[in-house]
Amino acid sequence: MSNRPTVADPINLAFHRAAQEDDARRRPPSPFDGLMFRDEREALAFADSIIRSPNINLYDYPPKLLLGYETTARPDVLVPGDVTLRERAEKLWSMLRCLVHLRSLNIEDGDAILQEIPAAQLDAAPLDLPYLTYLTYRMSYSVDYWHALLSHLRSAHLIELMLRYPLDYERDSDQCSSDLVSALSYPSIVPSLESLHVENLQYEYLDFSRGAAVPKFVNVVELALHFALNDSSPRLPIIGYLLAAFPNVTDLDINTTSAPFPTDPLQNPPISEVRRENLRALQASGGHRWRLKYLTAGLLDLFLFGLGSPSKELSISELDMYTIQAAGNQLLENIFGGVTPRGLLVNYLESQLSPSDALIGFLDLLRAYWASSPATRVPEELRLDLRMVQRRWVASLLHYALILINVSGTNLHSYTLDVHFRCKRLHRLPPPRTSTPDSEEEAASAMLCVEGERFFYDVGEALKSYAGVLEGARSRGIGLFINGSTWCSHSTRRYVAMAGGGTGIDRVQGLVQQMNINR
């Protein structure tokens, strides 16, 4: 017997079809394959349709739901007939209670819903979502409403959780703790959570005084913490806290933005003390350390944490001159800790805090480290992703990047160098060459970027000096790929493409002769 809605449910079928067609017209295709509402009236109309039709088979709807921020955002002036804030919140909450088959729920502004519903009413009508395993929740201005949601989320067993703290968060106005562990200590999370992604964290949100009393999330293997700091929010020692709360992590991603400069007086305790405290916490752990397979972090955080290298891939997301100068020749020994990952990925973005000298200094330290170490210290795969804003450094950066091949020994199997240039013109992407510009502005936009073309030429000219290095890599069977791109170009120019494993050169174009590849 079919589970499809019958003719008795024409409103639901018509609404669902109309919503899909309208969504397809107004937005480009999305990889999200569930119910997605980014408009208040659409969300409320759908809520009405399922609340008023008790016989509807909700399993005909996808088990994924996204409630966008626009479903709770309000215009400055209400028009006659608009529902009140409380009516809207109650209706959306009732809709969530009806969708008992949900496996994935993404709420971009849950605070606006939960703040309008009295606590007693929430207690009387909790969410019973027994199949829910994936939850994304973005706090708008308070941690209290996140705690309210979790305390009323029954029978769920969350496996993946993405949690975003509010920006410019005022903790004094909240009754509940902002501590991350406190925010997760609910029956729907503790025993089942395997993957945790947290954004907009600050160290001050965490309760370091709990020590060994921190609940253990023993099943969490993937942990991503993105810290959004400011001039009054410095780095603090965190390794002891994380080891106690998440003892079995194998995939760690730490991202830090807008932090005070390491030598700034606002960085208190001093940055050197942060590293010492982290190392003490590792020693005090009684030999227990994460058995990391993947680790992603900026160079400074890697140095401060002292975790050593993961077994599979180390991704350095940011380089900075301070760490290179402060740690000196011992930097890579401190970061790798005697362990060689199978893959090393270095991401570099030229900026005021990360000038080209930082990249050159790091690559030179890496060359010296490999040259003075056994061949087994060289990873099997090396990927350099370099994003530049000054064209004059192209030759120097290519030099320090390519001479690594000479000291890579026999362990390196694959080498990829991607150089991306952000041209200063910042013009729009030109239309496809098959189209005809409709105006002088579009015609100008379709013209080649002179600065970008010079960049491509500079890369090709610089590579001419390293034909011997590239030939040596080919003879050793190293897979070698060198690509260039600009902010405004249609596609990547592949200068060198060599298959590994001793199969020889599959494609070497643009190395010496051709400059216009994949145009």
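1. Aromatic pairs. The structure holds 13 aromatic pairs. Rings of Phe, Tyr and Trp (its six-membered ring) pair if their centres lie within 6.5 Å; planes under 30 degrees apart are stacked, over 60 edge-to-face, and the rest tilted. The model is predicted: local features need pLDDT of at least 70, side-chain atom pairs count only at pLDDT 80 or more, and totals for chains, interfaces and linings use all residues. Residues are numbered from 1 along each chain as its sequence is written, and side-chain values use heavy atoms, with hydrogens and water left out.

2. F46 and Y61. The ring centres of F46 and Y61 are 5.4 Å apart and the planes stand at 85°, so this pair is edge-to-face. F46 sits in helix α2 (residues 40-51), while Y61 is in the loop between α2 and β2 (64-67), so the pair ties together parts 15 residues apart in sequence. Helices (H or I, at least four residues) and strands (E, at least two) are DSSP runs, numbered from the N terminus. F46 and Y61 are both buried. Buried means under 20% relative accessible area, exposed over 50%, partly exposed in between (1.4 Å probe, protein chains only).

3. F217 and F246. The centres of these two rings are 5.4 Å apart and the planes at 25°, so the pair is stacked. It links distant parts of the chain, 29 residues apart: F217 in the loop between β8 (195-201) and β9 (222-228), F246 in the loop between α8 (239-245) and β10 (251-257). F217 is buried, at a relative accessible area of 0%. F246 also counts as buried, at 0%.

4. The core. Which residues touch the most other members of the largest nonpolar core? They are W146, L180, F246 and Y415, in a core of 146 residues. Helix α13 (residues 356-371) gives the most to this core, with nine residues. A nonpolar core is a set of buried Ala, Val, Leu, Ile, Met, Phe, Trp, Tyr and Cys residues joined through side-chain atoms within 4.5 Å.

5. The cavity. There is one cavity of 30 Å³ or more. A cavity is a set of points on a 1 Å grid over the protein atoms alone where a 1.4 Å probe fits but cannot get out; lining residues have an atom within 4 Å of a point. The largest cavity has a volume of about 40 Å³; volume is the space filled by probe spheres set on the points, which are joined across faces, edges and corners. Its lining includes W93, I107 and Y137. The largest share, three residues, comes from α4.

Notes
1 Å grid on protein atoms, 1.4 Å probe; cavity = no way out; pocket = protein on both sides within 12 Å on 5 of 7 lines; lining within 4 Å.
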